[in-house]
Amino acid sequence: MVKVLIVDDSAFARLSITKQLSSDSEIEIVGYANDGLEALDMVKKLKPGVITLDVEMPRMGGLEALAQIMEESPTPVVMLSSLTDRGTEITIRALELGAIDFFLKAPKATKAGYFGLNSDLNSKIKLAATIGRARLRMAVPKKEAYPQPRKASRTLSIAPDKVVVIGSSTGGPSALYELVPHLPADLPAAMLLVQHMPPVFTRSLADRLNELSNIDIKEAEQGDVLKQGLVLLAPGNYHMEVKMDHKISLNQKPPVLGLRPSVDITMLSASLAYGASTIGVVLTGMGSDGTRGATSIKAAGGKIVAQDEATCVVYGMPRSVKESGSVDKVVPLAKIAGEIERMCRE
């Protein structure tokens, strides 16, 4: 039984979430909090398995409460988010602070509840409940660990010799915050990121990573050219492919393994365009996306790096790739940036 604490100052939101979660016999709601201060007290008293957390609340908002929860009583948190510009930016910040995932609410409440409160919410709650406290602590990037960004003034190579493809899912944003800021501005490769995330949120994620990093990062657009020292992030709801002319093609072909963007799609296309000069990296996430792509990179003579189990929030995607026999290196998250640089400079 997954014990859930609902934190929201809106009675209607609490009712909507309760109605959805109560439909699942494996989920038990153990309490409600109206704001962040009340939530901090109830977390210590009730010791819930998972917390659903709103952002805008009186006395203490969601971000401040989240930071204190992760500091004092690490507990899996699923955020309540909106599709507004402010909502997406705050959600990205929450993922940086250690939230496991988020679910969407509609701009306006209806009699049916919040749009987006469906069975997917239940599955997110149950997945979050499987994450141990030790892994939660490891998933929160230490602010002092971010290097001071120094964007290099340089002419980017239009046709890099190598390409790095990084794929991630649940727990991925916090892993990317730990990894990408440690990549050097003069990395001799182009880089592609595929993070399972809805539209709009990927742009906010790219913008935040760009603020923290030496290397240039942007959400990919149709026709973007791969350049040395440039990171392109797949936009939500679009597959991202590399063409033979080193340009990006975005499409809405059917989801692969229920996912769009798909890590497999990007890795496969990169292996066709760059062959043995392709490096694949598989980070934390549920499922097996990235396994077929990693196999194609290995078949082309490229290299594969997988995040180790101890530092993954969810050890699904890296496990699947490892079990496929395609992995060259299994590395703790803190050492992946160094491994990528080493492989790129070989």
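Predicted model: local features only at pLDDT ≥ 70, side-chain atom pairs only at ≥ 80, totals over all residues.
## Strands S1 and S2

Strand S1, which covers residues 2-7, and strand S2, which covers residues 27-33, run parallel and are joined to each other by six bridges. Within this pairing, the residue of S2 that stands opposite Val4 is Ile29.

Helix H1, made up of residues 11-21, belongs with these two strands, and S1, H1 and S2 together make a β-α-β unit that is right-handed. As a general point, the side chains of a regular strand alternate between the two faces of the sheet.

## The largest pocket

The largest pocket holds about 810 Å³ of space, and its lining is formed by 28 residues, with Asp101, Asp120, Lys124, His196 and Pro198 lying nearest the centre. Two elements give two or more residues to this lining, namely strand S5, which spans residues 101-104, and helix H5, which spans residues 119-129.

## Cysteines

The structure holds zero disulfides. Cys312 has a relative accessible area of 0% and is therefore buried, since the cut-off for that term is under 20%. Cys344, for its part, has a relative accessibility of 5%, so this residue also counts as buried by that cut-off.

Key: Residues numbered from 1 in each chain as written. Heavy atoms only, no water. Pairing = 2+ DSSP bridges. Helix = DSSP H or I, 4+ residues; strand = E, 2+ residues; numbered from the N terminus. Right-handed = clockwise from strand over helix to strand, strands pointing away. 1 Å grid on protein atoms, 1.4 Å probe; cavity = no way out; pocket = protein on both sides within 12 Å on 5 of 7 lines; lining within 4 Å. Points joined across faces, edges and corners; volume = space filled by probe spheres on them. Disulfide = S-S within 2.5 Å. Buried < 20%, exposed > 50% of the residue type's maximum accessible area, 1.4 Å probe, protein only.
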